[in-house]
Amino acid sequence: MTNHEERNDRRKFVRISPKGTTVVNADSYIIRGRITNLSRGGVCMHTRNTAPERLLGSKVTVELRLDGQNASWQHLQARVLRIGANSLSLQLDDVPASFAAVIDATVSASHNKDRRLSIVLVDATVERRQAMAEAFRSAGCTVVDVVTPLEAIVRLGELHFEPDVIAIADSLPEAISADLRRFVDDAHPGTKLVTIGDTINAPDGLMHWLSSANPSGDLATRIRKVLTTFDKR
């Protein structure tokens, strides 16, 4: 099969972003990571370490488990397609019926969400949090709003799918905010981060900023504009 045919073949499969763990066994290497996206044809995973370049194209074995109380480990064969600094993409071979059934059930659950963007909003300021949550919902999002980072971590553990966006208020102490960001980068690598504050202009160094100021009544519109920059599927 040519590379072009392989790409077309992979596009046939619906990709989803469930929570889950992967363990890749390649020669003497064991590479652990979290699922970024998954389909019947392949899996992309976020890793702490870069895999050796010599593994590109090699055959590997994969142990994969979706998060959940009743989930079981799936044992699969794969080939390494791409290696990134903190990522690994695998093409799955000879997918067993048991794994295909798991994927189909997860795809069905994902579609039942109607792909509304899911937001976790972290803000201790009651009035602002309520206003932002209402604006996110007006923009067509599903919102989980919490007061503290600890609550956010608990709720993230309860969600079956990765949230699309975590919105963090700039009123959080810098050290706590940094800890939460590191946690998200490590445990939820596919989730985007946006900072919320009262000023119109973003502070220097912030990639995604959302002002809670709403003198023109256009907060929901500005939220939609920010969300489109994340290039969601």
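Visitor: How many disulfides does the count come to here?
Guide: The count comes to 0 disulfides, and please keep in mind throughout that this is a predicted model.

Visitor: What about Cys44, buried or exposed?
Guide: Cys44 is buried, because its relative accessible area is 13%, under the 20% cut-off. Cys141 counts as buried too, with a relative accessibility of 3%.

Visitor: Let's zoom out. How many helices and strands are in the chain?
Guide: The chain has 6 helices and 11 strands, and of its 233 residues 45% count as buried. If you take the contacts between residues at least 6 apart in sequence, 59% of them join residues at least 24 apart. The accessible surface comes to about 12,400 Å², with 51% of it belonging to carbon and sulfur atoms.

Visitor: And the largest nonpolar core, which residues touch the most other members?
Guide: That core has 22 residues, and those touching the most other members are Val24, Leu38, Val60, Val62, Leu64, Leu88 and Leu90. At least two residues of this core come from each of strand 1 (20–26), strand 2 (29–38), strand 3 (42–47), strand 4 (59–66), strand 5 (74–83), strand 6 (87–93) and helix 2 (97–112). Apart from it there is another core, of 19 residues, which includes Leu117, Phe136, Ile196 and Ile223.

Visitor: What does Leu64 touch?
Guide: Setting aside residues up to four places away in sequence, Leu64 touches Thr21, Thr22, Ile35, Leu38, Val43, Ser72, Trp73, Gln74, Leu76 and Phe99.

Visitor: Where does Val80 lie?
Guide: Val80 lies in strand 5 and is buried, with a relative accessible area of 2%.

Visitor: Switching to helix 4, which are its buried residues?
Guide: In helix 4, residues 149–158, the buried ones are Pro149, Ala152 and Leu156. They lie on the same side of helix 4, because they cover an arc of only 50° around the axis. Leu150, Gly157 and Glu158, on the other side of helix 4, are exposed.

Visitor: What do the buried residues of helix 4 pack against?
Guide: They pack against strand 7 (118–122), strand 8 (142–146), strand 9 (165–169) and helix 5 (174–187).

Visitor: And where is Leu172?
Guide: Leu172 is in the loop between strand 9 and helix 5, and at 12% relative accessibility it counts as buried. Leaving aside neighbours within four places in sequence, Leu172 is in contact with Val122, Pro149 and Ser177. The C-alpha atoms of Leu172 and Thr125 are separated by 9.8 Å, the two residues being 47 residues apart along the chain.

Definitions and conventions: Residues numbered from 1 in each chain as written. Predicted model: local features only at pLDDT ≥ 70, side-chain atom pairs only at ≥ 80, totals over all residues. Heavy atoms only, no water. Core = buried A, V, L, I, M, F, W, Y, C linked by side-chain atoms within 4.5 Å. Buried < 20%, exposed > 50% of the residue type's maximum accessible area, 1.4 Å probe, protein only. Helix = DSSP H or I, 4+ residues; strand = E, 2+ residues; numbered from the N terminus. Contact = heavy atoms within 4.5 Å. Arc of directions from axis to C-beta. Disulfide = S-S within 2.5 Å. Areas by Shrake-Rupley, 256 points an atom, 1.4 Å probe, with all protein chains shown as cover.
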